Amino acid sequence: MTGSAVTLKDLSWSYNGRSVVNTIDLKIEKGSFTGIVGPNGAGKTTLLKLILKLLSPEKDRVFIFDRDINNYSRKDLAKKISYVPQTINVDFGFSVQQIVSMGRNPHLGLFSGDPARDTEIVNKAMRETEVEALKKKDIGSISGGELQRVIIARALAQEPDILALDEPTSHLDLNHQIRILSLVRSLSKKKGITVIAVLHDFNHALEYCTSLVLMNKGTIEAFGNPEAVITPERMKKIYGLTTSIEKNPFTGKPYIINEYV
Amino acid sequence: MFFRKHQKIVFILLLIVLAAAVFTAATVGSAKVPFSDVMKILFPFLSKGGAVSHNVFKVIILKIRLPRIFLAVITGMGLAVSGAVFQGIFRNPMANPYILGISSGAAFAVAMGMALGLQATVLGMGAISISAFLGGFLTSLVVYFISGGGKSVFSLLLSGIAIGFFLSALMSLVMYLNRNQIENIVYWTMGSFNASTWTKVAVSAPVIIIGAVLLMFFSKDLNIMVTGDDSAKSLGIEVQSRRLFFLLVSTFITAGAVSVSGVIGFVGLVVPHVLRILTGPDHRSLIPLSMVSGGIFLLLSDTLARTLLSPTEIPVGIITSIFGAPFFIYLLFRKRNLIP
C-alpha cells in the first residue's frame with residue numbers, strides 16, 4: 001500500500017436493507033483538500049461517517065494511514081482524524097473555551113496529562129480560528145458562523161492529521177461560507193492536514209478542493225481533479241440540469257452556472 | 001472533583017450550611033429538646049459535668065432524629081447526583097432520576113409487596129424497601145433493553161415513558177383490587193422518612209456514596225457526551241458503553257434512594273438545574289456541588305415536613321413538590337425570556 005491518508009476497499013453500507021454506499025474504492029491522498037459532492041441521498045454523509053467510524057464498517061474495508069479502522073481504539077482514531085459536525089448541542093451553557101478544550105480529550109489519560117501544554121494548544125486553536133475573544137461566552141449565545149469556527153477550533157485542538165467536515169457551510173451566509181472554507185484551506189496548507197469535506201456548492205468545490213469525489217446513488221461517478229470531475233455532461237446526467245463552465249474572473253478557477261427550470 | 005476558585009468557595013459554604021442544617025434539624029421537633037442538651041448528646045466529650053436533663057432526649061436524638069437526618073441527607077445527595085447525570089445523559093436540563101421508569105417500577109413493586117403482605121427482611125431491610133429497590137432497578141433494565149441497548153437517548157426516553165405508564169396502570173389495578181392497602185401504598189408514593197433507622201442509613205449510604213464517587217471519576221466524559229453522540233465518539237469516547245455505565249450507576253443510586261424513602265420528586269430535577277445555572281455546566285464540579293445541595297434541600301424539606309403541622313407529619317414528597325414546582329415554573333418562564 002502507498003501512503004494514503006484514507007483508503008476504501010470495496011466498501012458498502014446499507015440501512016435496513018437499503019443500499020446507501022455501494023462497493024466503493026477510493027484513495028485520499030495525504031495533504032489533499034478532498035471534497036465529496038453529489039445529490040441528496042447519494043451517500044456522502046454515510047461515507048464520511050464510515051471514515052470516522054461513526055458507523056462500523058466491516059473488516060479490511062476502511063484504512064486510516066494504511067491501518068484498518070477497526071484496529072484503532074476510538075481514542076487512537078481521535079488523535080488521527082477529527083470531525084466537524086454541522087452543529088453540536090448547545091443547550092448546556094458550556095463556554096467556548098470549555099468546548100475547545102474538549103478537543104484535548106483523546107490526548108488525556110485518566111491521571112496523566114500536561115495541563116500547561118493543553119492550555120497552550122487550546123489557545124492556539126482559538127487564535128487560528130479567531131474565536132479567542134469569545135472564549136468566556138456561552139456557546140448557546142454565539143452566532144452560527146462563530147459556532148462553526150468554535151467546532152473547527154475544537155477539531156484543531158485534537159491535533160489531527162485528517163480533518164473531516166460535514167457540510168461546514170450549510171447554516172452560514174455567503175460571507176461566512178467563504179471565510180470558513182478559506183480558513184480550512186489555509187490551515188490545511190500550513191499544517192499539512194488532509195481535509196475531507198462534504199460540500200453542496202459546486203463553485204466552492206471547484207474553488208477550494210484539490211481533488212473531488214462526485215457521488216451518485218451510492219457509487220462514485222467520478223474522482224480526481226475538480227475540473228475534470230465536474231463536466232456539463234455529468235451535471236446533466238446526475239442533476240438533469242443544463243450547465244455551463246466559465247472562468248471566475250477573480251480567481252481564474254472554473255465556475256459553474258446553471259439553467260433555471 | 002475539579003473546582004475553579006469560586007466553586008471551591010461555594011462548595012465550602014454549602015458544607016457549612018449542611019452542618020448548620022443538621023444541627024437545626026436535630027434541635028427542632030414535636031418533642032422540645034433544649035439546644036444545650038442536643039449539643040451534650042451530639043458531643044458528649046465536650047460536656048464536662050452537666051448531664052442531659054432527660055434520658056429520653058438521648059433516645060429521641062440518637063435513635064429517632066439522627067438516623068432520619070442522615071437518611072434525608074443521603075437520599076437528597078443521591079437524587080441530586082443521579083438527576084445531574086440523567087440530565088447530562090439525556091442532554092436535557094429538564095430530565096430527572098425517574099425518567100427510566102424507576103419510580104413507577106418501584107411503586108408497582110411496593111404495591112404488590114403490600115398487597116401480598118410480604119414480611120421478609122434481608123440485611124435488616126424490610127420487604128417493602130427490597131421490593132422498591134428491585135422494582136426500580138429491574139424496570140430501568142427493561143427500559144434499556146426495549147430501547148435497543150441505549151443506541152439513542154430518544155428511544156430510551158420513549159421506552160421510559162411507555163413502561164412508566166404501563167406500570168402505573170398496573171399499580172392502580174393492584175390498588176383497586178386491594179382497597180384495604182390503598183392508604184399505605186399512596187403514602188409510600190408520597191415519600192417519607194418516617195420509618196428511618198440506622199440500618200437503612202448503613203445500607204443506603206455506601207450505595208449512594210460509592211456510586212457518586214464512581215460517577216465523579218468519569219464526569220469529564222459526561223461533559224463531552226452532552227455535545228452529542230457522534231461528536232463525543234469523534235473525540236474518543238466509547239459512547240454506548242460509557243452511557244451504560246452512567247445509567248447503571250445512577251439507576252443504582254436512585255433505586256437505593258427510593259427504597260428507603262419512597263418517591264420524592266423535584267430534588268433530582270431542581271437541584272442540579274439550579275446548580276448548573278449558578279456554577280456552570282462542568283460535571284466535574286456540578287456533581288459534587290449538586291450532591292451537597294441535594295442533601296441540604298431534602299433535609300430542610302423533611303424538617304419542614306415533620307414540624308410544619310406538628311405533631312402531624314406531611315409526606316416529604318409534598319413539601320419538595322410544593323417548593324420545587326413553582327420554582328421550576330419560574331425557570332421555564334425564564335428560559336422563554338418572559339422573566340429577565
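Guide: Arg104(A), Arg117(A), Asp118(A) and Glu159(A) are joined in a network of salt bridges. The model is a predicted one. Asp118(A) sits in helix α4 of chain A, residues 115-128, while Arg104(A) sits in the loop between α3 (96-101) and α4, so the pair ties together parts that are 14 residues apart in sequence. Both ends are out of the solvent by the accessibility criterion: Asp118(A) is buried, and Arg104(A) is buried too.

Helix α4 of chain A also takes part in another bridge. Glu128(A) meets Lys191(A) at 3.2 Å, N to O. Lys191(A) belongs to helix α6 (residues 174-191) and Glu128(A) to helix α4, so this contact ties together parts of chain A that are 63 residues apart in sequence. The two ends differ in cover. Glu128(A) has 16% relative accessibility and counts as buried because the cut-off for that class is under 20%. Lys191(A), with 35%, is partly exposed.

A further bridge in chain A joins Lys237(A) and Glu221(A), at 2.5 Å from N to O. Here a helix meets a strand. Lys237(A) is in helix α9 (residues 232-239) and Glu221(A) in strand β10 (residues 219-224), so the pair ties together parts that are 16 residues apart in sequence. Lys237(A) is exposed, with a relative accessible area of 58%. Glu221(A) is partly exposed, at 24%. Over all chains, the structure holds 21 salt bridges.

Charges also sit over rings. In chain A, Arg67(A) lies over the face of Tyr72(A), 4.2 Å from the ring centre. In chain B, Arg179(B) lies over the face of Tyr176(B), with 4.4 Å to the ring centre.

Now the rings themselves. The count of aromatic pairs over all chains comes to 13. One of them is Trp13(A) with Tyr15(A), an edge-to-face pair with 6.3 Å centre to centre and 80° between the planes. Tyr15(A) is partly exposed, at 34% relative accessibility. Another pair is Phe23(B) with Phe43(B): the centres are 5.9 Å apart and the planes stand at 45°, so the pair is tilted. Phe23(B) lies in helix α1 (residues 5-27) of chain B and Phe43(B) in the loop between α2 (35-42) and α3 (55-89), so the pair ties together parts that are 20 residues apart in sequence. Phe23(B) is partly exposed at 26% relative accessibility. Phe43(B) is partly exposed as well, at 24%. Chain B also has an aromatic cluster, formed by Phe217(B), Phe218(B), Phe245(B) and Phe246(B).

Last, the surface of chain B. Leu304(B), Leu308(B), Leu309(B), Ile322(B) and Phe323(B) make a nonpolar surface patch of about 480 Å². Phe323(B) is placed in helix α14, residues 316-335. With 46% relative accessibility, Phe323(B) counts as partly exposed.

Key:
Residues numbered from 1 in each chain as written. Chains lettered and ligands numbered in written order. Predicted model: local features only at pLDDT ≥ 70, side-chain atom pairs only at ≥ 80, totals over all residues. Heavy atoms only, no water. Patch = residues over 30% accessible without salt bridge, like charges linked within 9 Å, V, L, I, M, F, W, Y side chains within 5 Å. Areas by Shrake-Rupley, 256 points an atom, 1.4 Å probe, with all protein chains shown as cover. Salt bridge = Lys/Arg side-chain N within 4 Å of Asp/Glu carboxyl O. Helix = DSSP H or I, 4+ residues; strand = E, 2+ residues; numbered from the N terminus. Buried < 20%, exposed > 50% of the residue type's maximum accessible area, 1.4 Å probe, protein only. Phe/Tyr/Trp six-rings, centres within 6.5 Å; stacked < 30°, edge-to-face > 60°. Lys NZ or Arg CZ within 6 Å of the ring centre and 35° of its normal.
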